[in-house]
Amino acid sequence: MTAVDRTAGDGRPATWAAHATALWAFVFAVFHIYWALGGHFGLGDGDNVDLSFKNAGFLVYDLVVAGLCVWGTVISLALVRQAWQEWVLGTVGRVAAAVRVRPSWRTAAPLWILTVSAWIATVLLIARGVLGTLPQSVTGQTNEKVFGVAHPSTYTIWSSRVVEGYFLLGGLLFALTLLHYYRGLRSR
């Protein structure tokens, strides 16, 4: 059986998809931190790029998204690595008990926290990637609304296409991670 097959030889889920998902999420977190600090690479050169960095909301948005990406890195690995799973669920459980959100989670949070998080990431990323790649004639958006200029540069258009593709890739990777996770459960 190869690494791409359903499970590793001992019934554990194959881990290549989870590792690719973790790398995807980590890279996206790094980019969002870079953008939060004022970087422009990958965002194009339209007028709305410069305006967004003058808005404190953009900083908060990027830092929140970076945090979500770090969570995505952690959950993708926790779904296929028992040690990660125990650490994550234990930490989440202790924090939830400490702030009195769920006192019954003193020792560990339930596993569904990880799977539901991965499902949410899958759906949102695929939806964002698909909707972002639809032609403007379908969405009703104009170049001016999307890019901040009526005639965007080639760099801006390609930056947008790469970002939309990256969203779609992330959604597909999360879906594959879940597929391998559930196949691993079934083979036990």
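Contact here means heavy atoms within 4.5 Å. The model is predicted: local features need pLDDT of at least 70, side-chain atom pairs count only at pLDDT 80 or more, and totals for chains, interfaces and linings use all residues. Residues are numbered from 1 along each chain as its sequence is written, and side-chain values use heavy atoms, with hydrogens and water left out.

View A. Helices are DSSP runs (H or I, at least four residues), numbered from the N terminus. Ser 76 has a relative accessible area of 0% and is therefore buried (under 20% relative accessible area, 1.4 Å probe, protein chains only). Leaving aside residues up to four places away in sequence, Ser 76 touches Ala 18, Thr 21, Ala 22 and Thr 177.

**View B. Buried residues of helix 5 and their cover.** Among the buried residues of helix 5 are Ile 113, Leu 114, Ala 118 and Leu 125. Their cover includes helix 1 (16-36), helix 3, helix 4 (82-98) and helix 8 (154-186).

View C. The structure holds 12 aromatic pairs (ring centres of Phe, Tyr and the six-membered ring of Trp within 6.5 Å). Trp 24 and Phe 174 pair edge-to-face (planes over 60 degrees apart), at 6.4 Å centre to centre and 85 degrees between the planes. Phe 28 lies in helix 1 and Phe 167 in helix 8, so the pair ties together parts 139 residues apart in sequence.

Technical notes:
Buried means under 20% relative accessible area, exposed over 50%, partly exposed in between (1.4 Å probe, protein chains only). Helices (H or I, at least four residues) and strands (E, at least two) are DSSP runs, numbered from the N terminus. Rings of Phe, Tyr and Trp (its six-membered ring) pair if their centres lie within 6.5 Å; planes under 30 degrees apart count as stacked, over 60 as edge-to-face and the rest as tilted.
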